[in-house]
Amino acid sequence: MSNLVIVESPAKAKTIKKYLGSDYEVVASMGHIRDLVKSRLSVDIKNNFTPRYEIIKGKEDLVKNLKKLAKDSDFVYLATDPDREGEAISWHLAYILGLSPEVKNRIEFNEITKSGVTKGMASPRSIDLDLVDAQQARRILDRLVGYKLSPFISQKIRRGLSAGRVQSVTVRIIVDREEEIRKFKPEEYWSIDAKFSPQGSRRVFTASLYGNEKGKLKISSKEEADKIYNDVKDAEFVITKVKNGTRKKSPAPPFITSTLQQEASRKLGFQSKRTMRVAQELYEGIDLEGFGATGLITYMRTDSLRVSNVAVESVTSYIKSQFGDKYLPSKPRFFKSRSNAQDGHEAIRPASMDFPPDTVKDSLTSDQYKLYKLIWNRFVASQMAECVQKTTQADIVGNGYIFKASGYRVDFDGFTCLYTESKDEEEKKSTELPPLEKNMTAKVKSIIPNQHFTQPPARYTEASLIKTLEENGIGRPSTYAATISTITSREYVKREGKSLVPTELGEVSVKLMKERFPKIVNVKFTAQMENELDLVEEGKENWVELLDNFYDDFDKTLKKAKAEMEGVKIQLKEDETDIICEKCGRKMVVKVGRYGKFIACPGYPECKNVKKYVEKTGVKCPKCGGDVIVKHTKSKRIFYGCSNYPECGFVSWNEPVNERCPQCGEILYKKKGKKPTVFCAKEGCGYSKTIKDSENN
């Protein structure tokens with residue numbers, strides 16, 4: 001008997017083939033094979049938003065081969081990814097291959113292991129048309145917004161711009177934060193820190209001024225701080241209260257898509273796109289030495305914290321053997337997912353506890369190893385015992401002023417011996433206090449007033465932006481990486497170190513959208529649309545009615561904006577350059593054409609002078625003294641070269657900086673990553689230094 005199994009990627013096909021054996025042919029569709037026609041709207045609005053699909057260009061031969069294989073097979077299984085997108089791909093495959101969507105040929109693999117594949121093959125079902133409708137509604141919704149709104153934005157601001165349902169509100173969130181920062185007015189405040197030694201001890205501990213017998217004190221000026229300093233500098237201090245306690249810290253739950261992206265950003269310096277690419281590789285299968293193609297993690301697009309009982313039993317045995325019984329909690333942990341989470345898949349975890357990261361390190365790339373170890377440690381720690389800390393809090397009083405000290409010592413490290421979750425904002429460090437007792441005197445070692453100013457909210461990083469998108473219900477975890485990639489590549493947002501900063505283009509676009517299309521950039525409205533798409537997936541809402549309700553208002557708003565802004569063109573300051581047009585004397589501007597950016601005279605059509613757009617780095621070529629400029633390969637990868645090419649052949653993948661090596665005098669280069677560095681490329685030199693965030697802009 002001949003069976004055909006169609007998956008999405010060759011790596012996944014290779015892994016699954018190993019488990020299914022010779023009776024099965026496993027092939028890849030290479031993702032989507034059919035989509036909306038690219039060159040036009042491809043949605044018949046008047047006919048219930050009927051979509052017009054076509055075979056994706058370049059996949060004609062692939063489709064022809066799939067049809068032949070399907071015809072020659074006794075049965076065809078559709079095993080695309082277990083989510084909305086995968087369901088839609090299976091639906092398109094069924095249509096192309098002439099398969100009935102009612103036939104039970106749709107299978108899902110939550111993990112690409114022998115047990116996962118066996119379980120999936122044993123439970124075929126028919127295609128879930130509610131899932132397909134939800135994906136189709138999202139695709140059409142995004143096409144309507146993109147194809148109707150983008151031409152308007154391009155006409156009013158700059159050619160080649162795009163507007164998107166999720167990307168526009170994401171840019172708005174970043175722009176709103178930048179406006180908060182600009183409007184922020186710092187306020188002065190003071191703190192007073194003291195160092196004490198308890199009676200009969202040489203150990204020193206730190207305490208901070210809390211207040212006096214009337215309550216907490218707010219110190220707003222140097223004069224107030226100086227008065228308190230003079231009141232306490234010669235005072236006798238007594239410990240009036242000591243409170244000892246126990247604090248227990250519980251581990252974080254295993255990863256879901258959003259938390260994986262956040263933690264990989266904080267701990268590994270990975271951008272979300274990179275995280276998802278590597279996670280996909282780990283899920284689809286790695287060629288492990290001695291084992292062949294093996295899936296190492298469960299499906300990585302999930303917002304559920306559910307973990308199977310089998311996986312819990314397996315990790316419990318692992319913890320017992322590696323750490324001992326005392327590192328196990330009294331009973332296994334089960335974490336509660338958010339109320340709007342889709343519970344179709346487990347949390348992200350190792351597919352098997354048989355492959356600890358260090359045992360398979362030689363079979364993995366550096367990125368694969370780092371991410372797999374992160375997923376492994378987080379999952380194992382989630383089922384380990386709590387960390388137990390002994391805490392001490394003390395009040396030290398002198399001349400009516402109360403200083404407070406707090407500290408802890410770890411009584412039992414528990415899960416923290418393996419893993420601790422990173423935070424966007426660093427927690428205040430607390431150290432262990434010496435033994436303290438009530439009525440004990442304390443000798444002052446130093447008292448220091450410190451001036452501070454309140455700080456504006458921090459700019460978004462990828463991690464904090466993803467957290468905000470998730471909290472507000474914007475998009476879905478599987479879309480975050482693509483959304484951030486889009487808004488940066490289209491120059492609405494730029495990266496400064498780890499921060500995401502809006503460009504003038506981003507701010508002007510958001511201003512126009514807020515004035516003319518307030519719903520499109522409204523956080524609550526966008527979240528509501530996501531909820532309605534979820535209702536379509538659950539079979540509780542009709543996808544055509546959803547689109548109809550949205551489009552009626554959207555179309556009226558667009559027509560009104562076009563009428564009221566006829567002939568209006570918004571000029572960007574950042575488009576202007578310092579280059580003077582040699583033909584008419586005007587300052588030339590950056591324009592965007594079909595083939596990218598170019599420099600042109602703003603006097604067109606009277607003056608048609610144009611020049612090639614060159615992005616300078618501000619660094620001089622180490623070979624000839626020319627300008628080092630940014631260049632791109634055919635695949636759009638950035639590299640750096642001399643503007644005097646081909647006379648000068650200087651090129652570098654790493655960005656040169658305006659700094660010379662203190663050891664050999666050669667030019668230094670910047671290397672990005674979790675800890676950005678500048679280094680000397682001269683053979684045998686070896687000089688490098690870490691760049692601080694303030695320098696890495």
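A cavity is here a set of grid points where a 1.4 Å probe fits but cannot get out. By this criterion the structure, which is a predicted model, holds three cavities of 30 Å³ or more. The volume of the largest cavity is about 90 Å³. Its lining consists of Ile153, Ser162, Ala163, Gln167, Ser168, Val171, Tyr492, Gly506, Ser509, Val510 and Met513. Two elements, helix 6 (165-183) and helix 15 (504-516), each give two or more residues to this lining. Helix 15 provides the largest share, with four residues.

The nonpolar interior was examined next. In soluble globular proteins, nonpolar side chains tend to be buried together. The largest nonpolar core of the model comprises 61 residues, and the members that touch the most other members are Phe109, Leu282, Ile297, Leu371 and Tyr372. Helix 12 (residues 366-382) gives the most to this core, contributing nine residues.

The surroundings of Leu282 were listed without counting residues up to four places away in sequence. On that basis, Leu282 touches Gly295, Leu296 and Ile297, together with Leu364, Gln368, Leu371 and Tyr372. Among these contacts of Leu282, Ile297, Leu371 and Tyr372 are also named with Leu282 as the core members that touch the most others.

Strands of a sheet pair through backbone hydrogen bonds, either parallel or antiparallel. Here four strands form an open sheet in the order 27-28-29-30, with antiparallel pairing. Strand 27 (655-660) and strand 30 (688-690) are the edge strands, each pairing on one side only. From one strand to the next, the twist averages 30°.

Strand 29 (residues 677-680) is joined to strand 28 (residues 667-671) by four bridges, and the two run antiparallel. Across this pair, Leu668 has Cys680 of strand 29 as its bridge partner, while Lys671 stands opposite Thr677 of strand 29. The pairing of strand 29 with strand 30 is likewise antiparallel and extends over three bridges. In this second pair, Phe679 has Ser688 of strand 30 as its bridge partner.

Definitions and conventions:
Residues are numbered from 1 along each chain as its sequence is written. This is a predicted model: local features need pLDDT of at least 70, side-chain atom pairs count only at pLDDT 80 or more; totals for chains, interfaces and linings use all residues. Side-chain values use heavy atoms; hydrogens and water are left out. A nonpolar core is a set of buried Ala, Val, Leu, Ile, Met, Phe, Trp, Tyr and Cys residues joined through side-chain atoms within 4.5 Å. Buried means under 20% relative accessible area, exposed over 50%, partly exposed in between (1.4 Å probe, protein chains only). Contact means heavy atoms within 4.5 Å. Two strands pair if DSSP finds at least two bridges between them. Axes are lines fitted to C-alpha atoms, for helices over the stretch in contact, and angles run from 0 to 180 degrees between N-to-C directions. On a 1 Å grid over the protein atoms alone, a cavity is a set of points where a 1.4 Å probe fits but cannot get out, and a pocket is an open set with protein on both sides within 12 Å along at least five of seven lines; lining residues have an atom within 4 Å of a point. Grid points are joined across faces, edges and corners, and a volume is the space filled by probe spheres set on the points.
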